[in-house]
Amino acid sequence: MSDEWKVVGRVRSVNPRGRDVRVAATKGYAYVFADMAWIQFRRGGDEPLRCKVIRTRTNDESVIVELSPGVSRDVVGELRSALVVMAEEEIPPRPGQKVRLVELLGLRVVLPTGATLGTIGEVYEGPANDAFAVDRPDGGRSILPVIEAVIESVDLDLGEVVVGDITPFVVEED
């Protein structure tokens, strides 16, 4: 498993009898709990504890995760304030996206003319939309949002992202 863990939530309260944990999702990560089959908790510097999930349900402010009967009630009782973590490679794409943001790193960005704009050197997660930085051959950088109006297609096999008209969206760094 990865040494790079992303915090996707924090346990707010526990119900050992029902093997339930109430999790406050980290902003922008509530979607990862929707079809979760396994959950990982981290307490202090310990290696994450991996538990089987029976089901999840949400309310206005949190996610209630029901753990498998294989998880002891004593363990559930000790999870209060634990972090919920996921390995970067396990985080599913955000709703409406076909690929995970991290998969864009290193891909070539191709303009509608067929010319190469550059290579994606950094990705940024945002509350409204994500963005990526394109390292251009001239040494500058272009920042583009990850939205349908910008990205026409992503082909991981070819290693390229085809963009449309970026003029209204691009932020240039020299």
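How many residues lie between E9 and E10 in their hairpin, and which residue in the turn has a positive phi?

1. This is a predicted model, in which local features need pLDDT of at least 70 and side-chain atom pairs count only at pLDDT 80 or more, while totals for chains, interfaces and linings use all residues. Residues are numbered from 1 along each chain as its sequence is written, and side-chain values use heavy atoms, with hydrogens and water left out.

2. The hairpin of E9 and E10 has five residues between its strands, and Gly139 in the turn has a positive phi of about 95°. Strands here are DSSP runs of E, at least two residues in length, numbered from the N terminus, and two of them pair if DSSP finds at least two bridges between them. E9 pairs with E10 (residues 141–145) in the antiparallel sense over five bridges, with Ile143 in E10 as the bridge partner of Ala133.

3. E9 is also joined to E8 (residues 116–124), through five bridges in an antiparallel arrangement, and Phe132 in E9 is the bridge partner of Val123. A hairpin of six residues connects E8 to E9.

4. Because four of the five residues of E9 (residues 131–135) are buried, this strand is largely enclosed by the rest of the structure; buried means under 20% relative accessible area with a 1.4 Å probe, protein chains only.

5. A closed barrel of six strands, with antiparallel pairing, runs in the order E1-E2-E5-E4-E3-E6. Within it, E1 (residues 5–15) and E2 (residues 20–25) pair in the antiparallel sense over six bridges, and Ala24 in E2 is the bridge partner of Arg10.

Technical notes:
Buried < 20%, exposed > 50% of the residue type's maximum accessible area, 1.4 Å probe, protein only.
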